[in-house]
Amino acid sequence: MVGTAATLMKARKAYIGFYYASYYEWTNAVSLIIQTFLVSRIYKRFGVRGSMFVLPVISLATFVTVLANPTLQVVRVLKIAENSTN
């Protein structure tokens, strides 16, 4: 019984580690794409003052969507988008 519990804890830790690694991998990849291709276009289009509203708009959209559909996959995708704009 004790060996089974230790095996389950090890499997749980491995799953959580994989989940976080995947989450941060996507966050960093999307952040790289945003910084490479979108930041200069956003500055040209909206200026510095207007570009300061991009993150709050994304955050607001994230929280409204999470209220409407609170599933783990939806939250994960939206938090990747939000954290990539940080």
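## Met 9 and helix 1

Met 9 lies in helix 1. Helices (H or I, at least four residues) and strands (E, at least two) are DSSP runs, numbered from the N terminus. The model is predicted: local features need pLDDT of at least 70, side-chain atom pairs count only at pLDDT 80 or more, and totals for chains, interfaces and linings use all residues. Residues are numbered from 1 along each chain as its sequence is written, and side-chain values use heavy atoms, with hydrogens and water left out.

Is Met 9 buried, exposed or partly exposed? Met 9 counts as partly exposed, because its relative accessibility is 38%. Buried means under 20% relative accessible area, exposed over 50%, and partly exposed in between (1.4 Å probe, protein chains only). Met 9 and Ile 80 are 71 residues apart in sequence. Their C-alpha atoms are 27 Å apart in space.

## The chain as a whole

The chain has three helices and zero strands. From the N terminus on, its elements run α-α-α. The radius of gyration is 18 Å, well over the 12 Å that the globule rule gives for 86 residues, so the chain is more spread out than a compact globule. That radius is taken over C-alpha atoms, and the globule rule is 2.2 Å times the number of residues to the power 0.38.

Along its principal axes, the C-alpha trace spans about 65 × 30 × 15 Å. Of the 86 residues, 14% count as buried. Contact means heavy atoms within 4.5 Å. Among contacts with a separation of 6 or more, 64% come from residues 24 or more positions apart.

Ser 59 sits in helix 2. Ser 59 counts as buried, because its relative accessibility is 13%. Ser 59 and Lys 13 are 46 residues apart in sequence and 29 Å apart in space, C-alpha to C-alpha.

Helix 3 covers residues 72–84, which is 13 residues. From its first C-alpha to its last, helix 3 reaches 18 Å, close to the 18 Å expected at 1.5 Å a residue. The expected span is 1.5 Å times one less than the number of residues. Which residues of helix 3 are buried? They are Arg 76, Ile 80, Glu 82 and Ser 84.

## The largest pocket

Rolling a probe the size of a water molecule over the atoms shows where empty space is left. The search uses a 1 Å grid over the protein atoms alone: a cavity is a set of points where a 1.4 Å probe fits but cannot get out, and a pocket is an open set with protein on both sides within 12 Å along at least five of seven lines. Lining residues have an atom within 4 Å of a point. The largest pocket has a volume of about 350 Å³. Grid points are joined across faces, edges and corners, and a volume is the space filled by probe spheres set on the points.

The largest pocket is lined by 15 residues. Ile 34, Val 39, Ser 51, Val 54 and Thr 85 lie nearest its centre. Helix 1 gives the most to the lining, with seven residues.

## Ile 34

Ile 34 lies in helix 1. Ile 34 is buried, with a relative accessible area of 17%. Leaving aside neighbours within four places in sequence, Ile 34 is in contact with Val 39, Ser 84 and Thr 85.
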